[in-house]
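Biologist: Before we go through this model, I would like to know what stands behind each label. Please show the structure, and I will ask.

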Amino acid sequence: MSWGPIRRLFLLAGREPSAAQSTDAEVEFHLSETTAWLIEQGWKPDQACEEARRQFGDVERFRKELGMADERVQRVTKRGEWWGELTRDLRYAVRGLRRAPAYAFVVIATLGLALGANATMFGILDRLLLRPPAHVVEPASVKRVVVARWFETHLSAPWSAISYPGFTDLRDGTTSFAGVAATVKASLSLGIGIEAKRVRAELTTGQYFPMLGTEAALGRFYGEAEAAPPDGAAVVVLSYPFWQAAFAADHAIIGRTIRLAGRAFTVVAVAPKGFTGADTEPIDLWVPLPAVGRSAYGRDYLTGRNWQFIEAFMRVKPGVTDERAAADATLAYQRGHANEPRVADQKGAVYLRSLSDRGSDTARIAFWLYGVTVIVLLIACANVANVVLARGLLRQSEIAVRQALGVRRGRLVRQLLVESLVLGALGALLGVGLSQWAGDLVRALVFPGTAWDAAPVNGRVLLVTAAATLFTAVVAALLPMLRTTRTDLAAQLHGGRGTSRQAPALRFGLLAVQTALCTALVVGAGLFVKSLTRVRGLDLGIDVSRTLLVSSDLLAAGTPEPGVRAFFERAVARLRLLPGVESVGASIGAPFMSNYAEGVQVPGNDSLPRLAGGGPYFFQVSPGAVEGFGMRVLRGRSFAETDRQGTAPVVLVTERMARTLWPNESALGKCFFSGPKGGPCREVVGVVADVHRQGLDEEPFLLYFTLIDQREKPRFPDYIVVRTAGPPEELAESIRRALLSERADLPFVEVMSYQRVVNSSAQSWRAGATMFTVFGGLSLLIAAIGVGGVVSFAVSQRAKELGIRAALGAAPGQLVRVVVSSAVGAALLGAAIGIAFVLLLSPRMESLLFHTSATDPTVLVAALATVIALALVASLVPGRRAAQVDPIQALRSD
Amino acid sequence: MPGADLDLMRGTLDLLVMRAVVPKPLHGFGIVRWIRQATQDDIKVEDGALYLSLRRLEERKLVRGSWGITENNRRARYYELTASGRETLARDTATWTAYAAAVFRVLKSQREAIRLLEQLT
């Protein structure tokens with residue numbers, strides 16, 4: 001019997017022959033048919049054969065030409081057929097999904113959430129870690145300078161702050177660099193009085209723009225001439241967004257003057273869109289450092305090597321290796337500091353960091369969080385795989401029928417691939433949509449302090465998402481689908497459950513993997529939350545909750561120093577009268593803001609003990625500031641109004657300084673020399689609780705407090721510290737008004753709540769805690785859906801068995817246990833593996849945590865309990881249905 | 001066949017081949033037989049040229065070839081008109097008939113033909 005008609009009926013053509021085979025076969029067929037026909041017409045067989053060839057023409061030539069033509073034709077038709085089949089498969093897939101909306105919803109939602117999280121974090125990571133700042137020409141050769149200092153026995157971790165002379169050493173003493181520039185980020189006051197605004201400025205040296213290679217969007221950048229010390233020129237470059245926001249993108253802005261820090265600055269250029277200098281923080285404007293330097297940083301900043309407050313960037317010359325350049329820079333730096341009394345810089349080592357290497361905790365956390373979203377994606381994959389497997393069982397008879405009809409496995413696989421890609425693509429679409437929305441949210445809430453120039457979703461994000469989608473579609477949908485194509489046809493067609501025995505084991509494994517990853521994430525969330533709690537519970541030595549820091553850069557605005565001092569005195573007196581204010585004082589430097597270091601000689605002690613955190617550091621304050629900061633005096637007394645210029649000089653020391661210098665006796669009544677030689681010995685009148693100097697995580701250091709008025713050459717204060725009776729933010733406006741009533745032409749009066757200052761230091765832990773919790777929650781949700789799904793599937797699959805058990809007298813509890821046990825078992829196993837995974841990975845995470853061990857037992861136990869509780873709840877909810885199985889119904893069905 | 005007529009002949013042949021497969025799909029041999037019969041063997045063309053014509057049409061997606069089974073249970077490649085083949089055939093048939101009619105009108109009167117020959121010689 002011929003299969004032809006049947007094949008034709010089902011449109012199942014046999015395998016297409018190759019082009020050459022096809023040509024030959026056709027020619028042979030033609031010749032033999034012609035011969036047969038000729039014989040029919042009365043030709044002799046051998047003559048007929050010859051005649052057939054004659055009629056055909058030059059057989060070999062035609063064969064060749066036909067062969068070539070056939071190859072062309074086949075290529076074209078193959079492509080056409082491929083597209084045709086693809087559209088057929090697509091239509092088939094979409095139809096299938098519409099028939100199973102619940103299945104499609106679960107899969108697409110799960111993938112969407114996971115892909116969305118992934119895309120969002122990749123977008124952030126891309127900006128923070130992978131992409132160099134915009135508009136920097138050949139960013140790879142521009143380096144950030146960091147210097148490791150020599151501390152007695154070892155080099156410190158490098159940091160970026162250096163002094164202005166340190167920068168000129170690098171600029172003038174090296175040969176490996178095509179450009180060297182320095183910058184300081186500062187906030188300046190735009191306008192004066194009531195209308196004054198604070199702007200984020202970057203103060204730069206002359207080579208900054210030429211070194212970066214950036215072209216101005218409007219006008220021309222300033223260069224060496226305008227930035228020449230000592231005073232430079234009063235010119236300003238506006239950032240693109242600031243130009244748009246503050247000057248309505250006015251093209252006539254070039255040449256106009258704006259009042260900056262109390263003086264008139266000429267606008268010379270507008271930077272291109274997206275340009276934020278060598279960093280990614282948002283900047284409003286750029287001015288030459290010398291133009292505001294002397295007024296903002298005092299007369300000595302150009303020469304003082306102790307004034308380490310600027311960052312340097314250098315462009316390595318083409319052809320020079322980074323190692324050689326760094327060695328060159330180190331040599332120049334050490335030569336420059338050769339005559340310094342402090343060894344730290346004399347033996348300092350210069351390292352060159354790439355611009356995209358932000359090295360910040362935020363960037364590192366973003367990196368971890370991206371890893372976390374990959375884990376979320378894996379959990380989602382496991383989940384989807386489970387759902388697809390479950391559905392695969394239901395579809396086995398359909399697939400078996402198609403296979404029996406002769407649909408080749410390859411064809412079937414392609415169809416399944418298309419179906420999984422459709423699912424993946426829909427998930428990705430949802431994910432990208434989510435990311436577009438969540439990206440802005442996450443950027444604003446979790447990662448402030450970065451100039452997010454573009455939309456959250458860009459080409460690179462889409463590319464990565466596409467790759468992730470492809471991976472997901474193949475791993476989560478295609479592989480499990482493939483299992484269903486390998487089934488026992490006969491068993492399926494005879495109506496039995498041809499379920500391969502391995503399927504439950506696979507589902508069990510997937511569940512375990514899912515729970516393991518989920519446990520790891522929950523532990524991560526726990527660790528960060530604990531870190532954040534530790535940070536919040538930290539004793540900073542000051543009371544941040546009710547303290548405000550008030551500042552106004554009067555000096556930069558052109559007020560001479562005595563005038564500034566006088567104003568601060570009046571301001572302190574004025575604020576003391578303000579209702580709601582408990583205490584007020586002035587200070588030079590403040591914890592978390594800036595601080596000073598100076599040599600100290602203790603009578604009877606030849607050398608001071610060295611602490612890991614260095615020092616001694618000091619803050620200069622006025623009486624009242626100690627109370628203003630909310631510092632706790634442990635022994636002795638605080639500064640009093642009676643301690644003034646001319647009276648006996650007094651100091652307060654921290655608990656640690658007291659214990660370090662006078663280990664076995666009371667520090668009270670002791671004295672030490674500080675400041676210029678020949679000064680008086682300052683008496684310790686009080687010991688205060690240890691105060692943090694500039695960060696939350698600090699090594700022990702020496703710290704003391706002196707009175708501004710009791711210095712040889714009293715400087716002017718830079719902060720007024722106000723302690724409020726109630727919530728501090730409420731007082732900000734009345735403080736601002738009070739000060740403006742004291743002097744109407746004040747530059748912008750900044751009133752910062754200390755809480756906010758400290759919060760920004762806790763930023764990285766907060767980001768970690770928030771995002772880990774969000775992703776941990778997301779993974780719990782996805783895992784719960786997964787566990788619940790598996791159990792609910794087991795209930796429906798095993799209805800018959802449950803019915804028999806019920807009929808044989810099994811108690812409801814036993815029935816529930818039957819369907820729940822394997823899921824809960826998998827969850828338990830997974831949780832255990834997850835904990836092991838955490839223990840393996842945690843040492844790498846420890847540096848991101850705050851005073852929290854990565855193997856913190858309470859966190860581990862809590863995470864374990866959460867995951868197990870969740871697994872129980874998620875499996876019991878659908879599992880209860882097992883107890884309600886009606887034996888009669890169950891046995892009748894099927 | 002003289003070379004000068006090649007293009008004209010090719011076009012004509014393509015037209016005839018398309019016409020051959022209008023009623024039902026045919027294999028190459030079937031098309032040859034149909035053309036021989038329809039033209040009463042007046043158009044003498046090598047069978048190979050006919051296959052080349054089929055390839056041209058296939059490339060232009062005017063006909064579509066696919067393997068099938070003959071009544072004698074042999075595998076043969078069948079050709080059928082595609083939708084655009086149908087359209088092209090209709091259009092070209094109209095053009096051809098109009099063209100041929102015009103040529104025929106000019107050449108049909110004997111006197112006209114003689115005058116022409118006289119002018120040419």
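Modeller: B:N73 lies in the loop between β2 and β3 of chain B. Helices (H or I, at least four residues) and strands (E, at least two) are DSSP runs, numbered from the N terminus. This is a predicted model, in which local features need pLDDT of at least 70, side-chain atom pairs count only at pLDDT 80 or more, and totals for chains, interfaces and linings use all residues. Residues are numbered from 1 along each chain as its sequence is written, while chains are lettered from A and ligands numbered from 1 in the order in which they are written.

Biologist: Why is B:N73 called exposed?

Modeller: A residue is buried if 20 or more other C-beta atoms lie within 10 Å of its own, exposed if 12 or fewer, and partly exposed in between, with C-beta atoms placed from the backbone. B:N73 has 8 C-beta neighbours inside 10 Å, so B:N73 counts as exposed. Its phi is near 65°, a positive value in a residue other than glycine.

Biologist: What makes A:A248 exposed?

Modeller: A:A248 has 8 other C-beta atoms within 10 Å and is therefore exposed. A:A248 is found in the loop between α8 (240–247) and β9 (257–260) of chain A, and its phi is near 50°, positive in a residue other than glycine. Most residues other than glycine have a negative phi, and most peptide bonds are trans.

Biologist: What kind of peptide bond joins A:P229 and A:P230?

Modeller: The bond is cis, with omega about 5°. A:P230 is found in the loop between β7 (218–219) and β8 (235–238) of chain A.

Biologist: How do you know which strands of chain B pair in the open sheet?

Modeller: Two strands pair if DSSP finds at least two bridges between them. Two bridges join β1(B) to strand β3 (residues 75–81) of chain B, and these strands run antiparallel. B:H27 stands opposite B:Y78 in β3(B). The three strands form an open sheet in the order β1-β3-β2 (chain B), with antiparallel pairing.  The edge strands are β1 (26–27) and β2 (63–69) of chain B, each pairing on one side only.

Biologist: What makes up the contact of chain B with chain A?

Modeller: Two residues are in contact if their C-beta atoms, placed from the backbone, lie within 7 Å. The contact takes 19 residues from chain B and 21 residues from chain A. On the side of chain B that touches chain A, the elements giving two or more residues are α2 (28–38), α3 (47–59), β2 and β3 of chain B. α3(B) gives the most, with eight residues. That side has seven nonpolar (Ala, Val, Leu, Ile, Met, Phe, Trp, Tyr, Cys and Pro), four polar (the others, Gly among them) and eight charged (Asp, Glu, Lys and Arg) residues.

Biologist: What confidence does the predictor give to chain A?

Modeller: pLDDT is the predictor's confidence in each residue, from 0 to 100. Chain A has a mean pLDDT of 84, and 94% of its residues reach 70 or more. Over residues 1–14 of chain A the pLDDT is below 50, and this stretch has 10 contacts in the model beyond near neighbours in sequence. Where pLDDT is low, the predicted coordinates should not be read in detail.

Biologist: Where in chain B is confidence lowest, and where highest?

Modeller: Confidence in chain B is lowest in helix α5 (residues 110–120), at a mean of 73, and highest in β1(B), at 91. The complex has an ipTM of 0.85 and a pTM of 0.69 from the predictor.
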